[in-house]
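Some labels given to parts of a structure rest on cut-offs.

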Amino acid sequence: MKTLLIMILVVTTVAAKNPTPVEKFGPLKVTGNQITDMNGKAVQLRGVSLFWSQWIGKYYNADAVRWLVKDWNVNVVRAAMAVDNRGYATNRAEQEKIIKVIDAAIAEGIYVIVDFHVHDANKYLNEAKEFFGVIAQRYGKYPNLIYEPWNEPVHHSWSQVIKPYHEAVIEVIRKQDPDNLIICGTRTWSQNVEEASLDPIKGTNIAYTLHFYASTHKQELRDLASRAIANGIALMVTEYGTCEATGDGYVNKEEMDAWWKFMDDHKLSHCNWSLADKKESASILLPNARPDGGWTDSDLTPSGKMVREEIRTKNK
Ligand code: MG
């Protein structure tokens with residue numbers, strides 16, 4: 001009996017010592033221009049985004065997520081569900097990959113961004129409503145879930161197209177899930193957060209997507225983001241690259257350091273694009289890296305090594 005009691009004590013102590021990120025921060029919310037934890041304290045998540053699900057689906061598995069938690073200390077992952085180009089719009093089974101990642105994130109106690117990854121989401125409003133309705137009904141009770149209804153609008157009008165689209169999807173989500181974060185894409189590949197800050201969406205726990213690629217987008221975009229924050233909206237960097245906006249080209253360490261400082265200063269959560277082995281600068285993995293984690297330095301690209309170091313060190 002005594003041994004059993006001691007064992008229970010030890011197990012409880014260990015569990016108490018190492019709460020998962022979701023146990024630590026709880027349900028996230030938007031408080032003013034900040035994303036905050038359950039106690040209203042600003043929270044910054046660091047993690048990675050997976051690649052377009054239909055093109056590189058092999059990393060959409062529980063082992064890969066578990067490895068990212070164990071070895072990288074990620075506290076968020078982003079599942080980028082393809083919609084057009086043979087994605088969800090024509091193949092509903094695409095959502096099974098996303099569900100695998102959601103289930104893995106819940107099992108690991110980290111946050112998961114469910115991203116409707118398409119540039120013309122307005123053409124797929126019915127599909128978005130269907131998809132997010134199912135996801136919100138099934139997962140809205142879990143604090144882990146973060147919705148991202150439109151990855152990157154391009155030149156669509158914010159007030160005439162993008163905002164009404166978000167409002168329509170938000171209505172569907174909120175019928176099932178009153179409170180989880182919804183991160184809304186903004187015009188010009190989710191860069192024009194200032195425009196959104198001048199005409200924000202009404203509702204609870206709504207924030208906005210800011211994307212950047214460090215070799216292309218620099219101080220000018222940081223200044224724009226600062227103005228949006230000053231105008232009162234909360235931002236999340238659901239996707240960023242260390243290289244050029246093409247996903248390839250020069251990996252800019254200096255500019256990344258400026259961005260990481262900016263995101264730390266403003267407590268902006270971020271996910272690196274992307275967990276993929278495509279032969280391009282933005283990829284975290286070298287071609288043919290195994291799908292189930294266990295990656296060593298020899299599997300990582302220069303960008304992958306840099307991003308891992310940033311996340312591992314700061315998410316301690
Ligand atoms: Mg909820």
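Q: How do you read the numbering and the values here?
A: Residues are numbered from 1 along each chain as its sequence is written, and side-chain values use heavy atoms, with hydrogens and water left out. The model is predicted: local features need pLDDT of at least 70, side-chain atom pairs count only at pLDDT 80 or more, and totals for chains, interfaces and linings use all residues.

Q: What makes Gly 140, Asp 177, Asp 179 and Asn 180 donors of the magnesium ion?
A: Donors are N, O and S atoms within 2.8 Å of the metal (3.2 Å for Na, K and Ca); water is not among the atoms, so sites may look incomplete. The atoms Gly 140 (O), Asp 177 (OD), Asp 179 (OD) and Asn 180 (OD1) lie 2.1 to 2.3 Å from the magnesium ion, so they count as donors.

Q: Why is Asn 180 called buried?
A: Buried means under 20% relative accessible area, exposed over 50%, and partly exposed in between (1.4 Å probe, protein chains only). Asn 180 has 7% relative accessibility, so the residue is buried. Asp 179, at 36%, is partly exposed.

Q: How do you know that Cys 243 is in no disulfide?
A: A disulfide is a pair of cysteine sulfur atoms within 2.5 Å. By this rule the count is zero. For Cys 243 the nearest cysteine sulfur, that of Cys 271, is 16 Å away. Cys 243 is buried at 0% relative accessible area, and Cys 271 is buried at 1%.
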